[in-house]
Amino acid sequence: MNTGQAPEVVLVTGVSRYLGAQAAARLALDPRIGRVIGLDPNDPTAETSTLLAGTVEVVRADLRTAELAKIMVEYDVRAVVHLAVAAAPDPRAGGRAAMKEQNVIGTMQLLAACQQAPLLRKLVVRSSTAAYGRSFRDPAVFVEDTEPRDLPRGGFARDVLDIEGYVRGFRRRAPHVAATVLRFAPFIGHRANTSLTRYFSLPLVPTVLGRDPRLQFVHVDDAMEILHRSVVENHSGTFNVAGPGAITLSQAVRRAGRVAVPVPEPGMSAVALFARQYGGLSFSLDQLDLFVSGRVVDVTRLAREFNISPRTTEEAFADFLRGLGNSGVLPHSTIRAAEQAILDGIRAVRAAGRGTPQGGGR
Amino acid sequence: MSGVAPGNGAGPRGRDPAGTAGAVTPGDVAPVAGTGDVWDARVAGALAFLRRRLTGQYEVDEFGFDRELTDAVINPLLRPMYRDWFRVEVRGLVHLPATGPGLVVANHSGTVALDALMLALAVHDEHPAHRYLRLLGADLVFRTPFLSEVARKGGATLACNADVERLLDNDELVGVFPEGFKGVGKLYRDRYRLQRFGRGGFVSAALRTGTPIIPAAIVGAEEIYPMIANARPLARLLGMPYFPVTPTFPWLGPLGLVPLPSKWLIEFGEPIDVLPYAEDHDDPVVVYNLADLVREHIQSTLDNLLQVRAAGDYAR
């Protein structure tokens, strides 16, 4: 672990989205960092603009323009935090085609600009555990060196593989820049709002028939902490960022007080369409891959390098449930009450049958 | 489980040798205090179990092993088959480590891999430490819906070096069948003849982790579904490694799925210490020779057990 090398000027991409805005605002609050520049082609939303207000200098620019290299030189950028990696297509902003354009071409252009920035010393890139692909011949637990066996079906996972490929090339061409790749498990927490958290908020949760995948989450706060420390300290390399342990999908649904509705795999796309119409839920092949095969990663390298013990997957999910409240179709209090009622009923019947009030075993 | 309450008409369903099914854990509804009412405790335990399952209040490990479900559902379902149908008899239990990692290597047979399940139950029920044998399965198991999930919940995982070494590093007892489909899908006329042991991947995993190899010989599984022919075209059509034709299957339909009640003997052999060879874990010749040693050990134990069984030299 290497401290005391906080960069003076940090450029954060994707600040119109929650993760980017949050990370940029946090970096701006760190006294070790002089300036934080937020880059995004879109205007910040109401929520993100309050986060950014006054501390982050927002520049409206597209990653795919020549402007980028100029900005890097003009502001003397020392570190780049690349968070403009979309996990799900935004139907209002061009859908999947635009998402791929932003993720893949955007990263390519950003790295090209990084290569030309003379003062740049640090690069932090958001990746995902989806980089491990999906195969039935996969080991149960992925370590950072596990190669994907099959190309994943999901668009996001394919983008992530492309992005990591570009970063590998960048590392070769710019060895003086410390590059950190963070492979995040799906984010969760009481404030997180992702397609997965919306999924667990449905009253009836569609699952794939005959599959009960192991899931892993990372708490948003832990993710933020690790992201922040990747910038202000020196942690070159690729790291899995996830809460240790695992829970199964059925377990997660039950803990949320929801009811799982198993659907045969081919029927899932119809359910996805339905969910998009009525629940505002985007449900893609990325999720389907996850719900068939599950995904668990090893976090030994992260824990050793950052000297950190992130919240376990169970703890992170419990925190998400606290934010959700006791709103399910099948609240735990109801189940507990039913259990007590049945038990009392059986005791009453047995006591009546014996003619004496309880106590048979003497 | 002593003293069934008098006047309760001790029910026929009350057999539970490991005493695990209705275990009451902290946080459950307490049985009526001081009565010693066995049935009350059982009902309360069963309801608490149902509640924990319905609310997700149980734990699975990173491989998906659901210990509570294994104790309360999977093992109790297998136990009648183990005890009353196959009348499994176990020898050499002292060779299983009570703690720490171990790699149990066994012969594979029987058309349907019931031998793996019986081996795991033998380790759990008969050994004083009641350890769980973490089985390794082919990718076909994890490709198949339902089966894959039951396998994971029962503690199995994919037979690949990454998973084996991770389990052994976690001090688990791992069960492997190096013959794979070649063993379980062989014809009845080849019974008790060990097939090739692949490339000996299990040996390199043991060498890398310094884990002792415990050879295990299973006699009895060959006769449960005697496979007289393999309908290859049908197998290819269904994407299966083999399609068995037995005297009863597929002729008798679902009835043909009932295994024949053969007498089973399982013997664990003396552990093979691999530490002297640990440095050569990437030397294919060392790995191959060690695999061969294990194979010969199992073959000779099998021959010996067959004589024992032929002589009727067992309890029942």
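Where in chain B is the place of Thr111(B)? In this predicted model, Thr111(B) sits in the loop between β2 (102-106) and α3 of chain B. Its backbone deserves a look: phi of Thr111(B) is near 70°, a positive value in a residue other than glycine. Thr111(B) counts as buried because 23 C-beta neighbours lie inside 10 Å, and the cut-off for that class is 20 or more.

Tyr192(B) also has a positive phi, about 60°, although it is not a glycine. This residue belongs to the loop between α7 and α8 of chain B. With 17 other C-beta atoms within 10 Å, Tyr192(B) is partly exposed. Arg193(B) is likewise found in the loop between α7 (181-184) and α8 (201-209) of chain B, and its 13 C-beta neighbours inside 10 Å make it partly exposed.

One more backbone detail in chain B is a cis peptide bond between Phe249(B) and Pro250(B), with omega about 0°. Pro250(B) lies in the loop between β8 (244-245) and β9 (265-268) of chain B.

Now for chain B as a whole. It has 10 helices and nine strands, and 40% of its 316 residues count as buried. Among contacts in chain B with a separation of 6 or more, 71% come from residues 24 or more positions apart.

| Helix pair | Angle | Axes apart |
|---|---|---|
| α13 (332-354) of chain A and α1 (38-55) of chain B | about 165° | 10 Å |
| α1 (18-29) of chain A and α7 (220-232) of chain A | about 50° | 10 Å |

On the α13(A) side the contact includes Ile335(A), Ile342(A), Leu343(A) and Ile346(A), while α1(B) contributes residues including Val43(B), Ala44(B), Leu47(B) and Leu54(B). By class, the residues of this contact are eight nonpolar, two polar and five charged.

Within chain A, α1(A) and α7(A) are oblique to each other, and this crossing is right-handed. Gln22(A), Ala23(A), Arg26(A) and Leu27(A) of α1(A) meet Met224(A), Leu227(A), His228(A) and Val231(A) of α7(A). Five nonpolar, two polar and one charged residues make up that contact.

Stepping back to the contact between the chains, 32 residues come from chain A and 33 residues from chain B. On the side of chain A that touches chain B, the elements giving two or more residues are β12 (247-248), α8 (249-255) and α13 of chain A. The largest share of that side, nine residues, comes from α13(A). Its residues divide into 13 nonpolar, 10 polar and nine charged.

Leaving aside neighbours within four places in sequence, Val12(A) is in contact with residues including Ala23(A), Ala24(A), Leu27(A), Val36(A), Leu39(A), Val81(A) and Leu83(A).

Technical notes:
Residues numbered from 1 in each chain as written. Chains lettered and ligands numbered in written order. Predicted model: local features only at pLDDT ≥ 70, side-chain atom pairs only at ≥ 80, totals over all residues. Axes fitted to C-alpha atoms, helices over the stretch in contact; angles between N-to-C directions. Helix = DSSP H or I, 4+ residues; strand = E, 2+ residues; numbered from the N terminus. Contact = placed C-beta atoms within 7 Å. Nonpolar A, V, L, I, M, F, W, Y, C, P; charged D, E, K, R; others polar. Parallel < 35°, antiparallel > 145°, perpendicular 65-115°, else oblique. Left-handed = near helix turned anticlockwise from the far one by under 90°. Buried ≥ 20, exposed ≤ 12 C-beta atoms within 10 Å, placed from the backbone.
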